[in-house]
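Please consult the sequence and the structure shown below while reading.

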Amino acid sequence: MPRGLPRNAGALLVAAAGLCLAAVLFGGGSRYAPLAWIGAAAVLAAALGLALVLLGRLAFPRLDGAAVAFVALLAWFVLWNAVSIVWSLQPDRSWEYFNRGVVYFAFVLLGILIAAAARWAPRAIAGGLLVLFAAALCWALVGKVVPNLGPDADRTARLRSPLGYWNALALLAGMAIPLALWAAVRREHTRWIRVGSVVVVYLAAIALLLTYSRGGVVVALAGVAVYIAFAGQRLETTAALVLALAPAALLATWSFGQPGLVEAGRPYDQRLRDGLEFGAAVVIVGAAVAFVAHLGVANEGRWQPQLTRVLSPRGIAVASVVVVLVAALGLTRGDPVGWARDSFREFTNPVTTAGSGPERLGDFGSNSRWTWWGEAWQLWEDHPVAGTGAGTFSLARRPLRTNTTVATEPHNLALQFLSETGLVGFLLITGAGVAAALATVRALRRLDQPDAAAVLALAVLALVYLIHGLVDYDWDFVAVSAPVFLVLGVLVAAGRPAARVPREAPFAVGFLVLGAAVLASLAAPWLAAREVESAYAALERRDAGEAASDARRARTLNPLAVEPLFAEAVAEEVAGDDRKALDLYIRAVELQPENPRTWFELGRFELDIGLRDAGIRHLQRSSELDRWGPADPLLGTLGL
């Protein structure tokens, strides 16, 4: 091993911790701008790490076939996103999706480097992510206690800070629970770590329920079931789970009856009063959970024989079956077949929407998901091999949609990749997932028990992310995706011996140059968007010259986007140069001919300058591409 390995391993861990912290707390939801700077730091760290490997300052693991397949297939999937720009309906969006994939790949490389640098990497990553997730969940709950700290709590009462999206926060809670259970039952951990981890399970459950995310609750329960099924300490895990979940469920149920906590638009003083009461209850009940957990840890040796007799695996299985059967009979009112049929009808009903309060937890409406899934499937049937281009679902579905609902993605990662990247992209990402699973199973077999236990918790975390991806668009959220890809890198390389890597300084420089090119790719769309904003700000000041200049800089930075063309065209309109403005609108149509907005802006402008026939023709084309867009109302004013 290189002499500088311990110090470099620590530096890698610090870098990974900082990047995950930035992603979770400052990821900005699904917006591109935070991804640009967080991703730039991740790419730079990965490039430096690979350069240090080639300079003999860091180790690289001798990956097995499954791990190599995972890395290669993921890399090819990311490159396929870039290739899809060629035929993409929205090439600028596909470019951004390629950049997103590169960022996640950089996190995988960081995970691999960390696993090679330190044998204890799985435990370090599991512990670090547990602390980070716990901090994020605490911050979310504090926003419920003090409304001013939460985002627009007067508009929606669903818990979503700091991730910006309630379902993403629910996923984060679901990923935190297996990590907390691992920390709570492992005897090599200190007493206070074990007690604190039980409290984290309690807080995660409260936050999860307050997101009102039905999919998040189901996925979290699935993750818990998988963890208990494969964990070696089932009795202790079950005890910790019951101790944390029972009071969390009771407290959440009580909070559902407090108007200031669950109803948007309530007066601030009521929200603050109910929030402070809620905070006091969380602290008091949490202290009781910690006290009982402390007693359990302190008396573990004394209670273990009794627990072993009372909570045998067979007894737990029988009790679980009984509870499930009783709950099912109660829920279905003795008619499970009719209940299942009615629930499916409710789920597939395109006009059924779940509420925005706690009542939605018992609702089976899909909130348009069934419709979006059908649209994604139809898009794949129309473009089976290559898809419509990475990240283009929102635009590609416009000719298919039957109402005004807006969907960035179909809320199903499998259908998203199938419709946008075709069968090629779907097979690449599916193959990468299968290879990662196989490499993880091999890691579990070769590692010692303490490391294997951490690997199991991390594997369940990744599984929770995968299952949740079947009902949401988690790929767009760096806050949850970046930690998962870091984990995948650790999983596929954990316990592998170091490989002999020849020192190649020129190749090390090459990695740094490649990293710089990727940084430019990440920054360009973000900088272009800023220039467009500057152009519109200049237009508000009636400075058409400065606006046109800003828009031209945006076009140089991002020649695939239509927004810079629109901004420059408006600037030319203000300046009175209709010919130049018309040329810019035509360029936008030529750049994205399947985008209804480009035809609408062209037709609108042609009507304004007296080209009525051409304007009507182009507005009709916009309507063909999106009959729920703005073209139809404008045509209606013309009597058409």
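In this predicted model, the chain exposes about 27300 Å², and 66% of that area is supplied by carbon and sulfur atoms.

**Overall fold**
- The chain contains 26 helices and zero strands.
- Of its 640 residues, 53% are buried.
- Among contacts between residues at least 6 apart in sequence, 74% join residues at least 24 apart.

- Leu 44 is placed in helix 2, which covers residues 32-54.
- Leu 44 counts as partly exposed because its relative accessibility is 43%, a value that falls between the limits of 20% for buried and 50% for exposed residues.

**The second largest pocket**
- The second largest pocket holds about 1000 Å³ of space.
- Its lining is formed by 42 residues; those nearest the centre of the pocket are Ala 437, Ala 459, Ala 462, Leu 463 and Leu 466.
- At least two lining residues come from each of helix 3 (65-83), helix 8 (214-230), helix 17 (413-446), helix 18 (449-468) and helix 19 (478-493).
- Helix 17 contributes the most to the lining of this pocket, with 14 residues.

Terms used. Residues numbered from 1 in each chain as written. Predicted model: local features only at pLDDT ≥ 70, side-chain atom pairs only at ≥ 80, totals over all residues. Heavy atoms only, no water. Helix = DSSP H or I, 4+ residues; strand = E, 2+ residues; numbered from the N terminus. Buried < 20%, exposed > 50% of the residue type's maximum accessible area, 1.4 Å probe, protein only. Contact = heavy atoms within 4.5 Å. Areas by Shrake-Rupley, 256 points an atom, 1.4 Å probe, with all protein chains shown as cover. 1 Å grid on protein atoms, 1.4 Å probe; cavity = no way out; pocket = protein on both sides within 12 Å on 5 of 7 lines; lining within 4 Å. Points joined across faces, edges and corners; volume = space filled by probe spheres on them.
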